[in-house]
Amino acid sequence: MNIFRILGDVSHLLAIIILLVKIVKSKSCAGISGKSQILFALVFTTRYLDLFTNFISVYNTVMKVIFLICAYVTVHMIYVKFRKTFDSENDSFRLEFLLVPVTGLSFLENHSFTPLEILWTFSIYLESVAILPQLFMISKTGEAETITTHYLFFLGLYRALYIANWVWRYHTENFYDQIAVVSGVVQTIFYCDFFYLYVTKVLKGKKLSLPMPV
């Protein structure tokens, strides 16, 4: 454990809380990609199967359980409780474009060819692209609510802090996980353009808007 990982976990948790509070307070999931939330639920499910086989620490176990619960509560709110507010027309990213290559890559490039390891690798690769349906949805609608941009900012910050965590671990422990690092870098790259818009628009009180696709 180090400060970068702790801050990364806090940022990740804060992003999820922001999203849940937004949905509950507004009683609406407008502007939220249900497909991205399904992918995140799948990420946590396949990554945290070791809850039943490997105890690391109380902190680790509690965080895993919280992320799992929050992921499925979010999916339930989008597709069941507030389904009438869900914008399915604009949440149209085809998930097979992500799931098929990610599944194939997890079989080809992993640390060991065992079920749990392949599923863990699958979760790492999938997390790096799970936000794409949300970003695609924003590009289709041309704008995003301020609270949604806060959610995306802290989600991106979590990944950036985890890169710092890997750098720290490499220098202090001589530990390097190529799969996690490369996937984290790819995921952070997806957020770069959003970070720029967040700083130049949202933090100045302006609404985040994008050019509408032709």
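1. On a 1 Å grid over the protein atoms alone, a cavity is a set of points where a 1.4 Å probe fits but cannot get out, and lining residues have an atom within 4 Å of a point. A volume is the space filled by probe spheres set on the points, with grid points joined across faces, edges and corners. The largest cavity of this structure has a volume of about 80 Å³.

2. The model is predicted: local features need pLDDT of at least 70, side-chain atom pairs count only at pLDDT 80 or more, and totals for chains, interfaces and linings use all residues. Residues are numbered from 1 along each chain as its sequence is written, and side-chain values use heavy atoms, with hydrogens and water left out.

3. The lining of the largest cavity is made up of His12, Ile16, Leu19, Gln37, Phe40, Phe44, Cys70, Ala71, Thr74, Tyr151 and Leu155. Helices 1, 2, 3 and 7 each give two or more residues to this lining (helices are DSSP runs of H or I, at least four residues, numbered from the N terminus). By class, the lining has eight nonpolar, three polar and no charged residues (Ala, Val, Leu, Ile, Met, Phe, Trp, Tyr, Cys and Pro count as nonpolar, Asp, Glu, Lys and Arg as charged, and the others, Gly among them, as polar).

4. Helix 2 and helix 3 pack at about 155°, with their axes 9 Å apart (axes are lines fitted to C-alpha atoms over the stretch in contact, and angles run from 0 to 180 degrees between N-to-C directions). Helix 2 and helix 3 are therefore roughly antiparallel (angles over 145 degrees; under 35 counts as roughly parallel). Residues in the contact (heavy atoms within 4.5 Å) include Gln37 and Phe44 of helix 2 and Ala71 and Thr74 of helix 3; these four also line the largest cavity.

5. The axes of helix 5 and helix 8 (residues 178-200) come within 7 Å and cross at roughly 15°. This pair is therefore roughly parallel.

6. The second largest cavity has a volume of about 40 Å³. Among its lining residues are Ile124, Glu127, Ser128, Ala180, Ser183 and Gln187. Helix 8 gives the largest share of that lining, four residues. By class, the lining holds two nonpolar, four polar and three charged residues.

7. The largest pocket (an open set with protein on both sides within 12 Å along at least five of seven lines) has a volume of about 860 Å³. It is lined by 32 residues, and the closest to its centre are Arg5, Arg47, Asn60, Lys64 and Trp120. Helix 7 gives the most to the lining of the largest pocket, six residues.

Note on methods:
Angles under 35 degrees count as roughly parallel, over 145 as roughly antiparallel, 65 to 115 as roughly perpendicular and the rest as oblique.
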